[in-house]
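User: I would like to go through some of the labels used for this model and see what each one rests on.

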Amino acid sequence: MLKIQIIAAVILVLGLLCILRMIKKRKMELKYALPWLIATVIAIVVDAFPQILFWITDLMGIETPSNALFLIALCLMIALIFLLTVVVSRQSERIKHLAQTVALNDEQIRVLTQQIEQMKSDKLSDE
Amino acid sequence: MSKNLVIIPAYNEELNIENTVNDLKKHAPEFDYVIINDCSKDNTLQVCRNNNYTVINLPINLGIGGAVQTGYRYAWKHGYDIAVQFDGDGQHDATFLTEMREALEREQADMVIGSRYIKKEGFQSSGLRRAGIKYFTHLIHLLTRHTVTDPTSGMRMANRRVIEVFANNYPGDYPEPESVVMLLRMKMKIQDYPVVMKERLAGKSSISPMKSIYYMFKVSLAILLERFRSYK
């Protein structure tokens, strides 16, 4: 086993445990942590069996395995960031809608409270 | 006399919601009910308003987890002793609610889950779905040594302790199995009770076959993680 394989394995396993711990402590939603979890597990497998990387390098017609590794990692990062962009967009829309609903409700509550106060003082002045 | 609530999460149930509420009024009159309209795109809200039903109208769609949790927050806020989840699509049968409540009180359970698979009567779900449910039963048993015969059942009755837990913490998607493990980890007492469920009357179910694979994987992972959370 190469030195780099051992170092990578340690870092990846620590990373995996870290992600799992954050989910456990409710600091991260499992739903959104899934891509990271899957990517880390795949990385551990490739780290243990580098032949997979060599095979992919040949398959894609790339010159060296390290080039292939960087290419794959970059593509993965881009895909992940893109996914997050979509998620953020959706959240932003939902928050906007919530803000508007709260504001409209606040106004309705204010108006109703005024009407109740008015009715109460009308009743008092009738007596 | 305990204060009892039925939580009815509803998404696009304009065709079924009236039958569901009528079933409840007829067979479980000692229960109040609240419909949680999960931002339905059809006329569910209008049907509820026309009939003057008690509705909580969510401003955005939260999914079954968020909708049900809203119900539990309502139950906690209004001081209910017992809250039961009841599907808005007509699959659940209100005649079992009184029996379930009696079982909960008699056995001093924290939660009673209506299970299709004790007496195996009525609608049993497709073979594939059943296999999936069996898988979860085994997984939960492996991790908690407790047997839950119908871990995906949406017909669950909870006491005040559980209402408080769920009001504060409830999983987002596919919440049923994960929330059961959460309660078991808190050393709550969970009982199964045999019920009969019907086939969906109208409309579509919200779980497609593609989602089922994601469901199996995600829930398994969630259950495993739940096993390792610590509770005092």
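User: Which exposed residues does the face of helix 1 of chain A turned away from its buried side carry?

Analyst: In this predicted model, that face carries A:Lys3, A:Ile11 and A:Leu14. Exposed here means over 50% relative accessible area.

User: What puts the buried residues of helix 1 of chain A on the same side?

Analyst: The buried residues are A:Gln5, A:Leu16, A:Ile19 and A:Ile23. They cover an arc of only 65 degrees around the axis, so they lie on the same side of helix 1 of chain A. Their cover includes helix 2 (30-48) of chain A and helix 8 (209-228) of chain B.

User: Why does A:Cys18 count as partly exposed?

Analyst: Its relative accessibility is 37%. Buried requires under 20% and exposed over 50%, so a value in between is called partly exposed. A:Cys75, at 44%, also counts as partly exposed.

User: How many disulfides does a search of the whole structure find?

Analyst: Zero, over all chains. A disulfide would need a pair of cysteine sulfur atoms within 2.5 Å.

User: What makes strand 3 and strand 7 of chain B edge strands?

Analyst: The open sheet of chain B has seven strands in the order 3-2-1-4-6-5-7, with mixed pairing. Strand 3 (55-57) and strand 7 (190-194) each pair on one side only.

User: How many bridges join strand 1 of chain B to strand 2 of chain B?

Analyst: Seven, and the two strands run parallel. Pairing needs at least two bridges, so they count as paired. One of the bridge partners in strand 2 of chain B is B:Tyr33, facing B:Val6.

Conventions:
Residues numbered from 1 in each chain as written. Chains lettered and ligands numbered in written order. Predicted model: local features only at pLDDT ≥ 70, side-chain atom pairs only at ≥ 80, totals over all residues. Heavy atoms only, no water. Buried < 20%, exposed > 50% of the residue type's maximum accessible area, 1.4 Å probe, protein only. Helix = DSSP H or I, 4+ residues; strand = E, 2+ residues; numbered from the N terminus. Arc of directions from axis to C-beta. Contact = heavy atoms within 4.5 Å.
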